[in-house]
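Me: I have a model open on my screen and would like to walk through it with you. Could we take it one question at a time?

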Amino acid sequence: MEMVREHRKFVIPEIITGDNARIYAGRYTSNFHSDTVLLATDESVFRRKWMREVLLSLDEAGTEYVIFSDIEENPRDYNVMAGADVYLSEECTGILAIGGGSVLDCAKGIGIVAANGGNILDYIGVDLVRNPMPPLICVPTTAGSGADVSQYAVIRNTAKKTKNIIVSKSLVPDVSLLDTVPLMTQPGDVTVNSGIDALTHAIEAYVSNGASHFSDMLALESIKLSADIFPFSLDRADDPDHRFQSLMASMYAGIAFSNAGLGLIHAMSHAIGGMYDLPHGIASSIVMRSAIQYNYSSSKRKYRKIAHILGVSPDITDDKRVVTGMFEQIMDMRGSIDNPLSLSVYGASKADIPDLVARSAGDPCIATNPRIPGRKDLSNLFESVF
């Protein structure tokens with residue numbers, strides 16, 4: 001493995017993995033002296049039977065909780081502000097976030113506003129969060145977003161219909177409890193789209209110009225795990241080994257991209273997700289092939305290694321066949337999920353391309369892409385996904 005000796009900084013939360021890890025929630029709220037926590041979640045998650053053990057752990061620790069569940073997919077700025085109002089009015093002293101990536105990102109936004117004031121949109125960008133957030137404990141219920149281990153949060157600007165990134169080491173959770181049990185009730189389509197999200201994180205972290213030996217090691221392990229456990233079929237929904245492996249793949253990828261950065265796939269998918277309010281896994285799948293084709297020449301050795309892990313024969317030497325084979329393998333990993341991979345199907349118009357280009361060009365993920373695209377390149381890339 002090629003060693004990178006330039007300066008690198010790594011951030012990572014405390015992590016507990018394994019069945020029933022969620023029962024440590026109360027212990028950590030006690031350790032953080034959080035007498036009252038904001039329990040950020042969504043209503044469907046809160047109704048799950050396994051939530052009882054979480055609430056029991058809080059009761060045993062003497063921790064009170066205030067439920068906040070007004071959180072939408074692709075969390076909105078107003079979701080964050082409403083949550084911050086509840087946090088402050090109820091005099092909370094910590095946050096327990098239980099849910100998918102949208103819940104965890106919203107919880108991070110709530111923590112930012114609670115500790116720093118203003119509007120969450122004031123903190124869009126890199127290293128703009130001055131004051132540390134309240135203690136944050138995360139229990140992910142999906143395996144893909146990486147929000148449970150990363151220094152990233154994605155918030156939708158409702159007025160402008162943009163998905164915006166906040167990057168700050170303050171956003172790294174204090175503790176992540178990676179529990180297999182909550183994933184057992186995850187729907188099949190969410191499982192697959194989350195898995196593609198984790199795979200995309202790993203691929204982009206591996207080829208990132210901010211990569212290091214540490215991030216490469218984790219990204220490759222994530223890709224290997226994903227290749228082993230997908231395509232997902234519904235008869236594996238109750239397989240705890242599959243669920244645990246998917247959690248580990250997401251964790252490795254999340255730590256990798258949190259420290260190495262992302263790239264073109266995410267810059268484009270953020271633009272698409274913001275404008276058309278699409279799930280992130282679908283948006284990433286739509287742009288993946290075009291983005292990999294564009295980047296391939298700038299990181300050929302690494303893309304070839306990814307392709308071989310995914311099952312593309314190492315005997316194939318033609319670059320176009322390598323890229324095509326890699327993409328076909330990734331699409332096969334989606335199994336029975338058949339979301340159309342054309343923007344036009346989701347109500348997009350080619351007249352939107354200049355706006356999509358502008359959004360992508362300003363996305364922080366572009367900075368760590370192995371090849372920095374100009375606006376003409378971006379325009380051609382979006383043209384190719386209609």
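Me: Which residue has its backbone nitrogen 3.2 Å from a polar atom of the side chain of Asp 318?

Reply: Happy to start there, with a word on the basis: this is a predicted model, in which local features need pLDDT of at least 70, side-chain atom pairs count only at pLDDT 80 or more, and totals for chains, interfaces and linings use all residues. Residues are numbered from 1 along each chain as its sequence is written, and side-chain values use heavy atoms, with hydrogens and water left out. A polar contact is a pair of N or O atoms within 3.5 Å; within protein, one must be able to donate a hydrogen and the other to accept it, and residues adjacent in sequence count only if both atoms are side-chain atoms. The backbone nitrogen that lies 3.2 Å from the Asp 318 side chain belongs to Lys 320.

Me: Where is Asp 318 placed, and which backbone nitrogen does its side chain reach at 3.0 Å?

Reply: Helices (H or I, at least four residues) and strands (E, at least two) are DSSP runs, numbered from the N terminus. Asp 318 is in the loop between helix H11 (300–310) and helix H12 (319–333). At 3.0 Å, its side chain reaches the backbone nitrogen of Arg 321.

Me: Is Arg 321 buried or exposed?

Reply: Arg 321 sits in helix H12. Buried means under 20% relative accessible area, exposed over 50%, and partly exposed in between (1.4 Å probe, protein chains only). Asp 318, at 37%, is therefore partly exposed. Arg 321 has a relative accessibility of 51%, so it counts as exposed.

Me: Which element supplies the largest share of the lining of the largest pocket?

Reply: On a 1 Å grid over the protein atoms alone, a pocket is an open set of points where a 1.4 Å probe fits, with protein on both sides within 12 Å along at least five of seven lines; lining residues have an atom within 4 Å of a point. The largest pocket is lined by 43 residues, and the closest to its centre are Glu 73, Gly 100, Gly 101, Ser 102 and Thr 142. Among the elements that each supply at least two lining residues are helix H5 (101–116), strand E7 (152–157) and helix H6 (188–207). The largest share, 6 residues, comes from H6.

Me: Which element gives the most to the lining of the second largest pocket?

Reply: Of the 19 residues lining this pocket, the closest to its centre are Val 126, Asp 127, Gln 151, Val 167 and Ser 258. Strand E8 and helix H8 each supply at least two residues. The most, 3 residues, comes from H8.

Me: What is phi of Asp 127 near?

Reply: Asp 127 lies in the loop between strand E5 (125–126) and strand E6 (136–140). With a relative accessible area of 55%, Asp 127 is exposed. Its phi is a positive value in a residue other than glycine, near 60°.

Me: Which residues does a cis peptide bond join?

Reply: The proline of this pair is in the loop between helix H7 (213–229) and H8. Omega is about 15°, and the cis peptide bond joins Phe 230 and Pro 231.
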